[in-house]
Every structure is written in C-alpha cells, then in structure tokens.
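Thanks for coming, everyone. Let me put the model up, and then I'll walk you through it.

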Amino acid sequence: MACTLGLCVPFIYSQAQSPIDELLMPKNEICFLLNYEYGQFDQYWEGDFLRENQTIATVQRRTAMVMAAYGISDRLDAYLGLPYVSTNSTIPNGGKFAGASGIQDVSVGLKYKAYESTLGKGRLSLFGSLLFSTPASNYLSDYQPYSLGLGSPQLAWRATGHYEFDQGFYSRLVIGYIWRGYTEAEREYYYNDGSFFTPWMDVPSSWNIDLTVGKWFLERSLRFEISYSNQNATSGDDIRAYNAPQPTNQVDFSRLGAFAQYYFSQVKGLGVLASINQVVSGRNAPKMTSFGVGITYQFSLKAK
Amino acid sequence: MKKHLQKYIILAVSIYVASCSMDLPTQLEFESYEFASIDENGGELNPILISKGSEITVSEPNDITSAEYLEELSEVKNRIANKSDQEKRNTRQWTNNPVVRWNEIALELIAKYNLIPGPNPDGTYTLPTPSNPQGPPSFPFAHPPYASRVLAYLSVSQYDGLIVAWHYKFFYNRPAPYEIDSDIEHAYVAQPIPSYPSSGAVVARVSKEILTTMFPLEADYLARMEEEHLEALLLSGENVPSDLEAGLDIGKEIASIALERASLDGMKDAQVNKAVSDSIADAAFDRFGWKWINLESPSRPVGLTPLFGKVKMWNVADVKDTRPPVPPTPGSDLYEEDVEILKNYAANVTPERRRIANFWQDGLGTYTPLGHWNDFANRYIVEFRLNPLRTARVLAYLNMAMMDAGISCWDAKYYYHYPRPIQLIEGFETIAGTPNFPAYTSGHSVFSAAGAEVLAHFFPSLATQFRGWAEEAAISRVYGGIHWTFDATVGTTQGVNVAQYSIDRAKTDGID
C-alpha cells in the first residue's frame, strides 16, 4: 500500500512478479525486488471537490520497498514485502507540520495459477491471489496527509485473468476486494457522520479493478504496458470542508499508469523496471503523480 | 499445495470474521440505573439564572382520581402495551438520565461544526455569521470558546430547569403512572420520584431551545430529538402527557431567560474586524515589544474571537482579577531555555509524547477540550449514579468554570498577544495544528485545569486523577510544538484560580 492524504493508493508492487500480475516463479526460485517510488500531489478531492490547500502545499511521499517472491511450486508463489515510507510538505506551507517516516506495513501473500490453456491465437491463464498486510511499526494512521499508511490489517482477494497473443501482445484484468480492518488512533473521540467514543476507526474496504494492456519485445526480455486502475470504497465518510482527512474516509480513485520491465540477457536473473502513474479522478483522494524505479534479481535456491 | 492454500484461506477468513465484529460506541454505554440519592429537597438549591426554584409558576395538576387524569393514564397504558421494538429501544436508549444524552447531542454538534472556514478562491476569508447560517461558511464555527459557551448555557439551563422541576415534584407529589397502575410496564428502575412536572420534558425542551439557537441549521434534527425523547418519556411508564406539558413550559421559560442573557453577554461582538484586530495587536506591541501574527497561507486577517475576553463571566466579577503575569521576553534567558526544550521535543518525538499530544489534541473537527471534559464528567456521573438534578449541577458548574476559564484565557491571549513557537523559532515544525490565536496562555491548559478542579470538587476521591489529566493536557500542547512551557504551566495555574470562583459558589448552593 502506498498511502497519501489518507488516501491510500494500493501499491503497484511495480508489477514485477507481484501478486497481481501473471508471472509465476519456477519452483524453488526466488526473486528480490528493490523499488523506490516518489509521489507528490498539490491537489486533492475533498468529497468530489478538487482543491488545493496551502496549509499542506505540495505533499511529497517516498517509498522504498523490498520484496521477495518465491516459487513454492510452478503454480504457487509466496510473497513477502516491507516498505519504508517518508512524507513531508514542501516549504513554504501554511501548516508547518512535521512529516513522518518509518516502516509501514509488512505484507505476505500467495498467488496460485488456477487455469491455463490455449485459446484462439493465444493463451489464457487465470490466477487467484491473497495478500495480507498489517502495520510493522507504531506509525500513526491518524496523521493525515502525512501518515505512512492506513494502520489497519488488510486482506486483498484478487482474481486475475491474463490473455496473451502469440506475438506478445497481452491484456490482463484484475478484480480485487480489499478488506480493511480497524486502525487505532491516539484519541478517544472522533467524528464520522456522528460521534464515536473510541480510538478505533473502521477503515473502509474497497473493490479494485486493474485493466492492463502490454506487449513483450526483444524475445521477451522487455515489456511495456499501460494500465487503468480503479478503486471504489464500500463505505466511509467524506473529508470535511478544509479539514484533515482521516482513515474512515471513503477513498475512490481512477489512475492511469505506464510500466516497463527489462531483463538483462548478459547478467542472468537481473532485471530493472520503471513506472509512472497519475491519478486522474477521485473522491477523498490525492491527485497523485508518482514515478518508480526498481531492480530485480532472480535465482534458484536449489543447487544445480 | 492445495491443502496449504485451503489452510491459508481458512485463516484469512477467520481473521476477517474476528475483526469484523468490533462494536464502536457512539454514546456512553449505560442503561437506566438506581440513583445514589433522590434529593427530595433539591428544589431548594440555588439556581444560576433565576433566584429560586419556586420563582417559576407551575400550576397544580389534576388529581390522580380525576376523570382527566384517568383518561391520560389509560391512553399511556394503551400506548405502552402496544409499543414497538423500535420504541422500546428508543426508550431504553434515552435512559433515566437524559441529561447525559442531551450533553452528548451537544458534543456531537460541536464536533460537526468545529470546522475552520477555509480561504475563498481569491485568498480572502469569510467569517461565519448567524445572519446567514447557511453560508458558506456555515454558522457556527464551533471552536473552543464557542463550545464552552454552548455547554455553559445548556448545562446551566438544564440545572435551573431541574431545580424548578424538583421543587414542584416534591410539592405536588403526583405519583408516576407505573406506581398508580401496576399493569403499566416501567422501562426504568423504580425510584420514589414524583412525576409532575416531568424532569425529562424540562431537559428535552430546554436543551432543544438552547441548542437550536446555538446551531440554527440543526433545528429540524433537534426537534426530532426532542420528539423522540418525549415519546420515550411517555413510553417509559414514568409520565402522562400533562407531566410533559408542565415540564415543557418550565423548559421554555428557563431557556428564554438563558437566551436573553446569551444575547447580551458580548459574544456577538467577540469576533472583530481587521482594523480592531490590528489595533489590539499594535497595543500589545507598544506595551511589550512583540505581537502574534497568523502564519497560515493565505494569512488570516483576524485571530479567533479577540474580544471573547470581554464576554460576561458567570462567577468572576472582573476578568482582570484572573489575568496572569507577563510572559518571558523573547531573547531572555527564560525564553531561550524554553526554545531549547521545544527543539528537543521536536527532535525527539517519543511514542509517549506523541500519544499525549494526540490524546489531548481535541482539535478541529472534534468535540474540543470542552467536550473531552464533559465526556469525562458523563462517565463519572454515571459511575457515581447521580440523578439528573445532580448531573446537571456537576455539568453546570463544570461548564461555567470552563467558560470563565476560556474568557480569562482569551483576555490574556489578546492582552499579551504572545507569538507561537513557529513564529519565533526559525524552521520550527509541529505535530499538532497551530491555532489562529496568540499563544499565552494555553487554552487547553486553562480549560482543563478549570475542568479538573470542578470535577475534583464533585468527585473528591478522583481529585488526583483529574489534576494529573489536566497537567497532561497542558504539557500535551508543548509536545505538540504549538505552545511554550510557560503557556502551559501558567495556564494551569490560571485555570485552577478561575475555577475556584465557581467552586466557591457551588459550596454554598444548598446541598451536601
């Protein structure tokens, strides 16, 4: 999860051997990803009203992430990820708030290939994945827009359909339901369309859809893809007028992205990737622009 | 492998189910309870707004053997026998201490309206005004001074109304319907409190009237709350319609006396224009050589309610009697020591300091520190099983003392006009929001100390705890980076001092 303004944009995992793509690790192989993402926004939707706020000026967010993917079998991968996040406002700003930094949520997951067969002039594969994450430090979720994350356990159920033509064109649809639990604030009262006399906040769950089209080049050592992502929260309140967001907000957004990945043929197992994403519409979401770069290294754990 | 996957899915589902069931309380959880005392002589207490309980006239009720009464009784009996599950829940939810429930309604509206107006597209700001409550910005902005005043008028009116009700209850001694007819189901705990006039109806009407004036856009909501509450009173088995009518009349009369006072207390002049605001700042600069300025972007032309310090106090004759001494001059040794302390806190946000800063922050969008202390009061009122009269008494003295504390604090704030840390320490950043008014003294510190002293008076076994909380609330603002330590420590002393005036009055009010 990459999170801003309270407004949590599901982390894209740079889409390399991620729980949401179509790639699977061969059995007993492991892949490490080191990814860095920079995001910023100077506008956000307060309810459905797009606004600026000089109290926070431009909010910057940096996420460094280490992730490992491991092939339990040729059909089942396991994932482990841990991001470090830092946030701040640009200076000058009217609020003079300190930013935040620290370890965000640890995530563990599984991806299973349920089906694969040739269909027409290509191959269709279907996947199911499950990703659980939970805060790995005592960061404060109720400190928006600088919070590192939503501070709640999350469980993402995803179904992925991937169709790839023999020439290398492909298209992928991911439908996910992200259940989010509760986060504990450090205050014992908050307003969420009414009084709540508790530090616990209900973080809305959401439906998420990602639609991707892409193509492999250079004998499958390079791929390029563009994607459209959408999140619809199933509950939650709106950010109130000129007020800080809070974890109970209903965060909806649509986002366009581009992604490229290259595997070096000279160095076996080494790859690099780059991504760019732009949130184009939303509700209680930041109009976030982000760039990411990453490096992957894959090798077998079994002695040859 | 499939087996493993299944296991994980089962684990995941059980996590889902387990965490799904959290019950998030939207009000203090309690049910009808037996009061620690009945206070048959409660009608002789000294009220705040009127001279004595018998000052308001309540006519003699029909005798319980009269045809009129028997008709009322059979109507109520019939309605109770046929009440729906929803009506039962509603009746239970109002409980036999609705003073707490109406206090919670006030807290909720404070939180709903505690939103600072943002800038217009051209960088100007528009102030909320009762002449155009819709706005934008909507009226009111329920900031801490506003909240202190809402709660003071609400609680004082409830208290006076209940003194009147208590006076006539034990004067006319009309039994409750459930006592007259044992077939009438009683929703609450049986206690020997006469039913005429209905204390619940007094509370409902007085609260609705006060809150509607304070939150004009909530008129419909409050009318609905009153209606629900009156319904619950009839369905509880404690009242017949004529009990309610007599209570409503008392409520209306007390509310109009309270609102008359409110209209003349100076609050309507508390928010000044830029010319007046500048002259207040310049006067401080001439006097002391410093002045606070707003650093927001775009800068707000006027601070929050500069003349709240001139609002009529409840129990202090002259605000200047409670004005604290001059704070340390910027550049002095004392001041520089404070700068070092603040820089150290900012550089070392420990989990404990962060927790304290957030726990007591009670900032924009919340029920404010006033709400927090009312919230505490409600918990102990229920724990100590106070009856509605004693509940209103605690809340009236608490909220008078806290409003007086706010007035005293605002007097100091705009007399000294002392800058905030972000204004004087280059590059300083905070973990709490810096408010739109001068630093010295800290509002949280003064409000909390006053609140703690009053609660310590009424719940002496918990005095140490309350005072400890007030000190924590005070230092929380220093941890948050928005106050100097002397804002907090001097503010605490100021709050203790101001509260004493209310406590002295409470000591002579004729009970205990």
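**Two chains, one model**

Of the 304 residues of chain A, 51% count as buried. Buried means 20 or more other C-beta atoms within 10 Å of a residue's own, exposed means 12 or fewer, and partly exposed is in between, with C-beta atoms placed from the backbone.

Some housekeeping. This is a predicted model: local features need pLDDT of at least 70, side-chain atom pairs count only at pLDDT 80 or more, and totals for chains, interfaces and linings use all residues. Residues are numbered from 1 along each chain as its sequence is written, while chains are lettered from A and ligands numbered from 1 in the order in which they are written.

Back to chain A. It has 21 strands and zero helices. Helices here are DSSP runs of H or I with at least four residues, strands are runs of E with at least two, and both are numbered from the N terminus. The radius of gyration of chain A is 20 Å, close to the 19 Å from the globule rule for 304 residues, so chain A is as compact as a globular protein of that length. That radius is taken over C-alpha atoms, and the rule is 2.2 Å times the number of residues to the power 0.38. Along the principal axes, the C-alpha trace of chain A spans about 60 × 40 × 35 Å.

Now chain B. Its secondary structure is 18 helices and zero strands. Chain B has a radius of gyration of 25 Å, close to the 24 Å that the globule rule gives for 512 residues, so it too is as compact as a globular protein of that length. Its C-alpha atoms fill a box of roughly 80 × 80 × 50 Å along the principal axes. Buried residues make up 51% of its 512 residues.

Where do the chains meet? In the model, 39 residues of chain A are in contact with 47 residues of chain B. Contact means C-beta atoms, placed from the backbone, within 7 Å. On the chain A side, strand 9 (105-119), strand 10 (122-135), strand 14 (190-191), strand 15 (195-196) and strand 16 (200-202) each supply at least two residues. That side divides into 22 nonpolar, 12 polar and five charged residues. Nonpolar covers Ala, Val, Leu, Ile, Met, Phe, Trp, Tyr, Cys and Pro; charged is Asp, Glu, Lys and Arg; the others, Gly among them, are polar.

The contact takes 31 residues from domain 1 of chain B and 36 residues from domain 2 of chain B. Which helix gives the most to the domain 1 side? Helix 5 of chain B, with 13 residues. By class, that domain 1 side has 21 nonpolar, nine polar and one charged residues.

Last stop, helix 14 of chain B. At 1.5 Å a residue, helix 14 (residues 388-416) should span 42 Å, and its end C-alpha atoms are 41 Å apart, which agrees. The expected span is 1.5 Å times one less than the number of residues. Just after helix 14, B:His417 takes a positive phi of about 50 degrees.

Conventions: Two residues are in contact if their C-beta atoms, placed from the backbone, lie within 7 Å.
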